[in-house]
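Welcome to this short tour. Open your viewer, load the model and follow the stops below.

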Amino acid sequence: MYFIIHIQNKPQNDFTGPESYVWNRMQEGSLDWFPKNKAIRLLEQLQQEEEVQNQMKKAVDTTHERAQELAEMVVKLSNWSTKVSVSLEELEKRMDSSRGKDSV
């Protein structure tokens, strides 16, 4: 409100660029120059919040990827463990059968 009164009381020859722009828009009956809940600080805060959300999404995505990699490793280790167990059982059977032959 103070800005409008300021422009109305100031000589047009003394207008700054923004004042000239607002004066012309007012003469046309336009209010598009008037901020509508879009303060610069609010826009900056929204941008910062969006940036934080993007960073969080990247962190979640990275965590998800690593969890998948770990799950794949667990499957591989489980398969390896099963193979080792089978191999050990076969080895024990051979050793037992070998001992049986030696004792005869």
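Now count: the protein chain has three helices and zero strands. Both kinds of element are DSSP runs, numbered from the N terminus: helices are H or I with at least four residues, strands are E with at least two.

Before you go on, a word on the model. It is a predicted one, where local features need pLDDT of at least 70 and side-chain atom pairs count only at pLDDT 80 or more, while totals for chains, interfaces and linings use all residues. Residues are numbered from 1 along each chain as its sequence is written, and side-chain values use heavy atoms, leaving out hydrogens and water.

**Stop 1: colour by confidence.** Colour the chain by pLDDT, the predictor's confidence in each residue, from 0 to 100. The mean for the protein chain is 88, and 94% of its residues reach 70 or more. Which element has the lowest mean pLDDT? Select residues 2–9: this is helix α1, with a mean of 86, the lowest among the elements. Then select residues 40–103, helix α3, which has the highest mean, 91.

**Stop 2: the outline.** Show only the C-alpha atoms and turn the model around. They fill a box of roughly 125 × 20 × 20 Å, taken along the principal axes. Buried residues (under 20% relative accessible area, with exposed over 50% and partly exposed in between, using a 1.4 Å probe and protein chains only) make up 8% of the 104 residues.

**Stop 3: two rings.** Select F15 and W23 and show their side chains. Rings of Phe, Tyr and Trp (its six-membered ring) pair if their centres lie within 6.5 Å; planes under 30 degrees apart count as stacked, over 60 as edge-to-face and the rest as tilted. The count comes to one aromatic pair. The ring centres of F15 and W23 are 5.8 Å apart and their planes are at 55°, so this pair is tilted. F15 is buried at 13% relative accessibility, and W23 is buried at 16%.

Stop 4: Finally, select A71 in helix α3. Is A71 buried or partly exposed? At 42% relative accessibility, A71 counts as partly exposed.
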